[in-house]
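Dear colleague,

Please find below the structure that I am handing over to you. My notes on what was found in it follow directly after.

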Amino acid sequence: MAYRYDHILIRYGELSLKGKNRNSFIKQLFANVKTALKSFPALEFERQHDRMYIYLHEEDAAKVSDTLSRVFGISSFSLAVKTKPDMDEIVQACLDSLPLQEEKTFKVAARRSDKTFPLISDQINRQVATAILKNSVWKVNVKDPDVKVVIEVHQDAAYIMTNKMAGAGGYPVGVGGKAMVLLSGGIDSPVASYLMMKRGVHIECIHFAAPPYTSQNAQDKVMKLAELISPYQGEIVVHVVPFTDLQLAIYQNADESYAITLMRRMMMRIAAKLAERRHCQAIATGESIGQVASQTLESMQSINAVTTMPLIRPVVCMDKVEIIDLSKKIGTYDTSILPFEDCCTIFTPKNPVTKPRIDKCERYESRFDWEKLVDRCVDDVKSIWIHPGMTDPSDGDEEDLF
């Protein structure tokens with residue numbers, strides 16, 4: 001009999017440390033895995049206290065594995081062959097599923113969860129290794145084997161695995177609440193979005209568009225970035241804010257050096273209003289200390305002053321090289337460096353203030369009716385749903401959520 005992989009065995013990540021919250025974490029992870037794999041209709045899912053199983057039912061194991069590798073809350077997973085918890089069946093499954101015609105080194109590592117099974121782990125190791133040695137040219141190498149044959153014996157079944165793939169780690173998205181992330185077209189904010197999701201926070205995104213000063217290409221770039229990070233969550237909604245009138249009002253009523261600070265203050269006000277309406281508990285940004293003029297501690301203090309909602313900055317203490325490395329890892333870097341500028345980049349003053357004063361910000365803001373303009377921005381928001389694998393993310397599903 002020729003065996004093929006018919007299961008995927010999932011091992012839990014950090015959630016296994018959470019004691020009383022464990023069941024709710026596993027429940028959330030189970031839901032997230034099913035959502036992430038909804039494009040594979042034949043799959044069947046089972047969750048247990050210490051493991052989760054996916055029954056492939058002829059679905060493409062490689063494609064399922066690729067999607068699964070981006071689901072937070074998973075420590076590792078393995079493609080597996082399932083057989084009866086019988087020693088003869090286990091040995092035969094190992095012989096039939098391994099490429100024994102090739103020269104390789106190997107190690108057998110058995111784990112006996114069912115303590116009523118008649119053989120202990122070491123005896124299982126020896127019997128399987130002996131059978132492999134007799135039926136192949138393979139050699140034992142316990143320190144650095146080409147193939148590690150992992151056998152798990154449970155009461156109802158045994159699983160044979162020859163690979164162990166790393167999961168995304170972190171917590172299942174959703175267990176850490178919900179946040180509104182400011183998503184620009186740069187390198188930093190997609191990385192910040194990824195880090196928020198890795199800590200179990202479900203995110204929605206805001207993008208500030210300023211047509212005709214920013215192009216449709218710039219907005220399409222942001223939608224592509226949202227599509228690239230969406231597999232970590234399943235889908236992402238991007239709220240596109242028409243920011244032109246408010247931005248122009250700032251330049252007409254304030255010193256140019258304060259323009260970026262005032263823009264950021266207005267963005268925070270808009271983000272806070274949208275966050276409240278969407279039941280978010282925090283706002284998150286891609287700011288990093290000292291990277292640009294609006295990201296000094298004095299600037300952050302002036303920007304924070306406009307809202308009481310928690311502001312989270314996941315990359316605040318990372319240097320640019322670290323952020324770039326992570327953006328390459330998650331696949332957003334090449335899109336982030338496309339030459340389509342967002343509203344902050346286009347309207348950057350020549351000499352922005354690095355130590356803005358809150359009282360001076362308020363004095364400039366008193367010169368125009370910014371509250372009316374902020375409300376108009378919120379009222380005119382367009383919300384677009386972005387899904388993994390969209391061939392053209394600019395065609396996302398638009399929905400009136402407010």
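I begin with asparagine 125, which is buried, with a relative accessible area of 18%. Please bear in mind that the model is a predicted one. Asparagine 125 lies in helix H4, which spans residues 121-134. Leaving aside residues up to four places away in sequence, asparagine 125 is in contact with Val108, Ala109 and Ala110.

The next element is helix H10, residues 320-330, whose buried residues are Ile323, Leu326, Ser327 and Ile330. These residues sit on the same side of H10, because they cover an arc of only 105° around the axis. The buried residues of H10 pack against helix H5 (188-198) and helix H11 (333-336). On the face turned away from that buried side, H10 carries the exposed residues Val321 and Lys329.

Both ends of H10 also deserve a remark. At its start, a side-chain oxygen of aspartate 319 comes to within 3.2 Å of the backbone nitrogen of valine 321. Just after H10, glycine 331 adopts a positive phi of about 85°.

Finally, I turn to the cysteines. Cysteine 317 is exposed, with a relative accessible area of 68%, whereas cysteine 377 is buried, at 4%. How many disulfides are there? With a cut-off of 2.5 Å between cysteine sulfur atoms, the count comes to zero.

With kind regards

Conventions
Residues numbered from 1 in each chain as written. Predicted model: local features only at pLDDT ≥ 70, side-chain atom pairs only at ≥ 80, totals over all residues. Heavy atoms only, no water. Buried < 20%, exposed > 50% of the residue type's maximum accessible area, 1.4 Å probe, protein only. Helix = DSSP H or I, 4+ residues; strand = E, 2+ residues; numbered from the N terminus. Contact = heavy atoms within 4.5 Å. Arc of directions from axis to C-beta. Polar contact = N/O pair within 3.5 Å; in protein donor to acceptor, adjacent residues only side chain to side chain.
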